[in-house]
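Work through the exercises below with the sequence and the structure side by side. Try each task before reading its solution.

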Amino acid sequence: MERRAFLAAAAATPAGLVSARAAQYDGLPDDVGAALARFRNSIPSNFDRDYVEHAVVPFFLTSIYEGERPALPMIDVTLSKENALPFDLWGLIYKGWQPTPEEGVTVFLQGLEERGDNNLRKRIYFSAVTPDLYRPMYQAKVVAFFDRLLDPQYAEKPFMRHYLDYYFDLYWDLHLGVKGDAIPSGVRQIGESFNTVLAFRNPLQPIVYENYMKVRALLDPLKQWIDQKVKDVANGRVPNPEKTFAWYWLKNAGNGEHFSNKDIVFECFHNFVALSQWGNTIFGIMSRLSKDSGDPEVRGSFTKTMSGDYDHATGSPYTPLELIVMELFRTISPNGGSISAVEDARRSAYGESPFAALGSRFERHAYIATPHTSTSFDPRHWSNPQQFDPDRYNHVPTSAQIDEAKCQQIGFARCPFDITTFNVADGRKAGLTNSGFGTVFGVADGKPLPVCDYAGFAPFGFGYRRCPGEQLTIQVFEDFLRKVWNDKIEFVNLHLPNPRKVPIGPNAVIVDDIGFTRRLLQLWLLDISDARGRYGRDVKRYLKHSFAVDRHHADHGLLGSHSGALGDRSLSPPERKLRRL
Ligand code: HEM
């Protein structure tokens, strides 16, 4: 009997019968039967049978092995992306609980050999998120999102639950140009449930079961809704359709062989997995910048960066703001590893595998995770891996520098990946090219827009399968940090008596006990009473005092500058009142 079916049978058998039944299975020692009985008892009796068979059982037959830390930023194609998804999760994206490509696929789960010539599918995907698009197309949506999120009325409230309440507005606005009341409640619900499953993960937990089943119930209506909205984008029935990802996928899909309309629908919701990582990241950044429990080195580096000309790169491929965001990603590493599907080697130097030798019919699901965090901290790559040092990326190659000559210099006979360019068909003078390591990146108006192509920078993965959303993500977090700096925002521990546990991203359930304050308000209160005592209504002398306090804060690595607030147009009503004092 196939092992999965056996486990499932055990799971579906009334508890008292399990040991007796287990004894019937040839060659299974008693302790296996007993273990199965214990396993069966641990499955709540209300769980749907299909869920048990397709989610619970595969979960326990899955192993994820830790792979090697790459010396170069590449993963060999023998560690495949084809269907590289822990088996118990297929039911979240296909009603049949297993890969069903005819219903649409995502590049995330495709082996290189399935993607068309030279990783074509990836290049079409990437065409929607190249850095040249951010400012004209997406930035206003992101900035409005952060303005709303960090509005003074939400100060000193648990931040992550609040973030999740608005996150899907940004998500659907970026993908399809839909937000607010135009997003049906079921569409919000399925996103929330999807994230909850990914965050809690263990399928035996009732919260995972309930949310998994909600996702399945809402999957077909979600696909229909997306399909309709993609048509609206195609027909210009949404305002500014060129400000959505779907628009670029539609324009650049060619004959659709490698990016069909079903694939567009699929990518739109599979991105639940991708964008949910913004939650982990934002929490990681808040924790490090927190006034009470943050990292002084990170706080100091932030103040230093923001006190300078942070948006201008001088002789570097990256601006100072970009550099600090990259270093935050290296150190936070919100995504722990690139996962690949591997097959059992039926023969090896050690002989046949049990599957071949004993003719076993059951298969386990095995995956290898090429680690990000330990690779980013590998002393082979950096002399100071533990230090928070945004400048480090100025001394290692970009993807635009890894050409034929560089590959040969490293010792390759030729580039591991041919360097080719896919020109977009959406009206821009832009293309998607790649480095000799296979890393895809944009070129706009003849200017390369490269990424750091070095194994020591691992948070977005490696080579041909590296994250196409990397630069968009970095640009989003640049805007987050601009907002924090310009509005003098401080993150603080709230010390709530019973903080909630909130699912914020894959494998991440956090205690929601960090909030923000607008530092301006606190400082002015303290400072104004102090200054009034000293200077009365002498505004000139007060301002002098204020600038001196700013200098003091900058020297001591404190956030913000309160004299700058005089030009701040986003003051809250209480702040404006204070200003009038
Ligand atoms: C904090 C944010 C993010 C992190 C840490 C992250 C990380 C990663 C990593 C590590 C990979 C490689 C996985 C592997 O090789 O197994 C990846 C792939 C991918 N990411 Fe992201 N990602 C983020 C955001 C995004 C966003 C915003 C998008 C889309 C707009 C996106 C779309 C994708 C896609 C489509 C792939 C598959 C690429 C391929 O296989 O060629 N990601 N991401």
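**Exercise 1. How do S10 and strand S13 (residues 514-518) pair, and over how many bridges?**

Step 1. Strands here are DSSP runs of E with at least two residues, and helices are runs of H or I with at least four, numbered from the N terminus. Two strands pair if DSSP finds at least two bridges between them.

Step 2. S10 and S13 are joined by five bridges and pair in the antiparallel sense. One example is Ile489, whose bridge partner in S13 is Arg518.

Step 3. A residue is buried if 20 or more other C-beta atoms lie within 10 Å of its own, exposed if 12 or fewer, and partly exposed in between, with C-beta atoms placed from the backbone. Of the five residues of S10 (residues 489-493), four are buried.

The model is predicted: local features need pLDDT of at least 70, side-chain atom pairs count only at pLDDT 80 or more, and totals for chains, interfaces and linings use all residues. Residues are numbered from 1 along each chain as its sequence is written.

**Exercise 2. Describe the hairpin of S11 and S12.**

Step 1. Strand S11 (residues 501-505) and S12 are antiparallel and share four bridges. Pro503 has Val509 of S12 as its bridge partner.

Step 2. Two residues lie between the strands, and Asn507 has a positive phi near 55 degrees.

Step 3. Compare the faces of S12 (residues 508-511): Ala508 and Ile510 are on the covered one, Val509 and Val511 on the uncovered one.

**Exercise 3. Why is one side of S6 and of S9 left without a neighbour in the sheet?**

Step 1. The open sheet has four strands in the order S6-S7-S8-S9, with antiparallel pairing.

Step 2. Strand S6 (422-423) and strand S9 (447-449) are at the edges and each has a single partner strand, so one side of each has no neighbour in the sheet.

Step 3. Strand S8 (residues 440-444) is joined to S9 by three bridges, and Ala444 stands opposite Lys447 in S9.

**Exercise 4. Check the span of H10 and of H12, and find where each helix bends.**

Step 1. The expected span is 1.5 Å times one less than the number of residues. For H12, with 15 residues, the expected value is 21 Å and the helix reaches 21 Å.

Step 2. A bend is the angle between axes fitted to the seven residues ending at a residue and the seven starting there. H10 bends by about 45 degrees at Leu219, with Pro221 following within four residues. H12 has a kink of about 30 degrees centred on Phe269.

Step 3. In H12, 11 of the 15 residues are buried, so this helix is largely enclosed by the rest of the structure. Among them are Asp263, Glu267 and His270.

**Exercise 5. Is Arg466 buried or exposed?**

Step 1. Arg466 is in the loop between S9 and H19.

Step 2. Within 10 Å there are 25 other C-beta atoms, so Arg466 is buried.

Step 3. Leaving out residues up to four places away in sequence, Arg466 touches Thr439, Phe460 and Gly461; contact requires C-beta atoms, placed from the backbone, within 7 Å.

Step 4. Lys122 is 344 residues from Arg466 along the chain, yet their C-alpha atoms are separated by 9.6 Å.

Definitions and conventions. Two residues are in contact if their C-beta atoms, placed from the backbone, lie within 7 Å.
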